[in-house]
Amino acid sequence: MNQIKKTVKLLRRSPYQALAAALAMSLTFFVSSIFIILIIGGQIVLNYIEQRPEVIVFFADEANQTEIDDLTSKVRSTGLTKEIKFVSKEEALAIYRERNKDDPLLLESVTADFLPRSIDISVNRASDIKQITELAQGSEHVDKVITPENLVEQLVKWTKTIRLGGLVFVSTLLSISFLIIIMVIGMRIAIRREEVSIMSLVGATKWYIARPFFIEGSLYGILGASVSVLLIYVLLLFYSPQIQNFLGDIRVFPINPLFFLYLWAAEALTAALIGIIGAAIALYRYLKIK
Amino acid sequence: MLEFIAVSKQFPDGQVALDDINLKIEGSDFVFITGPSGAGKSTLLKLITKELVPTSGQVMFNEDDIAKIPANKLHILRRRVGTVFQDFKLLLNRTVFENVALSLEVLKRSDSEIEKEVSEALEKVGILEKADYFPAQLSGGEVQRTAIARAIVSNPEVLLADEPTGDLDTKTAEQVVELLEKINKEGTTVLMATHNSTIVNKFKKRVVHLKKGKIEKDQKEGKYEPD
């Protein structure tokens, strides 16, 4: 505790360098947090879509129940499906009525005969949609196949792009932060060269001399990660209605506070490690104790 | 306690600072190391703290060859040897108290121990009332006393003083040496490098005179007559 107090006192003596290092860390981890949340959010949306009936196969009116059952069996035998649900004309009408209950005009003009029978197929993996769709489209009794395949493909593509972009962007920012830490600690060592030399001559161990620099490096990291997580928390809190509105049925709010705690712990640990390694390199490079 | 056995020191530029030095210093000795500038006085002291290592020969501290003390054990030696540097080496942004406390902080003493021992050291050197002053606010003699207080506060076995009276007037210089004499009488071995003949001749201590890196004379109650 005493050492931390001393380190804070030293930081206050040249606050601009400390500010530069802490800001660089904050920016890095703020951007990292955004990417982490985008990746997790993308995964939640993907999971949501993957858990929904992915493929809806509408049958032609002339198809009889045996033919429908045959196709259902064929689809099931692929082993790619999680669940297959038959929707009769009456059930289709019930769904239609539920969806349009606020529009009596639409309800009046539609009867069960107008609506096709269908099967809602939930698949195990988004990548299996294509095969199921081709199988259904190959049947002469099928009128139309509706699939969110394109949406999933797009989502998978976006998630991959976000991951890759995030990796490149965050790695670049991490490298910059790392170099700034080395530079700032290097400057600190240069400023305190005389003090370091005197401490060594009056019998300080190398660890005693180096410790404040390690504490300083890790403090920059922890401070940067804390600022970043706090900022993300406030932003998510502020924009949660808009985000929820955009996502529609996909429920992501309220976010469990433990998520922020874990995010902070992971980022603070990573940031502290970067600070410590940066300080170690600066010490190795610049601290020459006779 | 301290022994130089055939010690030579040559710098990378070829300059020979010490040449075949053989010297034995017993515990509680007070020794003036005299000689003109460049005679090797500071080099001799720096070999004791391992700021420098000899090119050949051995510098023994009790049973230990100083040059062979590994870097991770060097602090143990330096805690046993207090040094008053020629350029004082005081931190200008720290008060007198904080400068002296540095020697105890590195020993991880508690705040209360530091408070007590620093106050005692400052009282011993006669500048307790200046504890909260910064070095820039002190006179030359007071700066020197601060440096001495820092060197003795951890009760070292040996005290090295490199030209501690260099920039002082005669009266203040005598007070500083009287202080070193007092410390020596309390059991600390004192080695003082100087070219101040007035001081050396007044205090009548052992004098080891260096010239061009060699010991020219070693007298028990010696005198120093500059060339």
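Me: What does the salt-bridge rule ask for, and how many salt bridges does it find across the interface of chain A and chain B?
Reply: A salt bridge is a side-chain nitrogen of Lys or Arg within 4 Å of a carboxyl oxygen of Asp or Glu. The model is predicted. Applied across the interface of chain A and chain B, the rule gives a count of 1.

Me: Which side chains meet in a salt bridge, at what N to O distance?
Reply: The cut-off is 4 Å. The N to O distance here is 2.4 Å. The side chains are those of A:Glu195 and B:Arg94.

Me: Which helix gives the most residues to the side of chain A that touches chain B?
Reply: Polar contacts across this interface come to 4 residue pairs, both partners at pLDDT 80 or more. On the chain A side, two or more residues come from each of helix H1 (2–13) and helix H8 (193–201). The top contribution is 6 residues, and the helix is H8(A).

Me: How much area is buried between chain A and chain B?
Reply: The contact involves 16 residues of chain A and 18 residues of chain B. Carbon and sulfur atoms give 58% of the buried area. The total is about 1700 Å².

Me: Which residues of chain A lose the most area to chain B?
Reply: Together they account for 35% of what the chain A side buries. They are A:Ile198, A:Leu201 and A:Val202.

Me: Which helix supplies the largest share of the nonpolar patch on the surface?
Reply: The patch is formed by A:Ile222, A:Leu258, A:Leu261, A:Tyr262 and A:Trp264. Their accessible area together is about 480 Å². The largest share is 4 residues, from residues 257–286 of chain A, which is helix H10.

Me: Why does A:Leu258 count as partly exposed?
Reply: A:Leu258 sits in helix H10 of chain A. Partly exposed covers the range between under 20% (buried) and over 50% (exposed). A:Leu258 falls in that range because its relative accessibility is 38%.

Me: How many helices and strands does chain A have?
Reply: Along the sequence the pattern is α-α-β-α-β-α-α-β-α-β-α-α-α-α. The secondary structure comes to 10 helices and 4 strands.

Me: What percentage of contacts in chain A join residues at least 24 apart?
Reply: The count takes contacts between residues at least 6 apart in sequence. The share that joins residues at least 24 apart is 84%.

Me: What percentage of the residues of chain A count as buried?
Reply: Chain A exposes about 16900 Å², with carbon and sulfur atoms supplying 65% of that area. Buried means under 20% relative accessible area. Of the 290 residues of chain A, the buried share is 43%.

Notes
Residues numbered from 1 in each chain as written. Chains lettered and ligands numbered in written order. Predicted model: local features only at pLDDT ≥ 70, side-chain atom pairs only at ≥ 80, totals over all residues. Heavy atoms only, no water. Patch = residues over 30% accessible without salt bridge, like charges linked within 9 Å, V, L, I, M, F, W, Y side chains within 5 Å. Areas by Shrake-Rupley, 256 points an atom, 1.4 Å probe, with all protein chains shown as cover. Buried < 20%, exposed > 50% of the residue type's maximum accessible area, 1.4 Å probe, protein only. Contact = heavy atoms within 4.5 Å. Buried area = accessible area lost by both parts, 1.4 Å probe. Polar contact = N/O pair within 3.5 Å; in protein donor to acceptor, adjacent residues only side chain to side chain.
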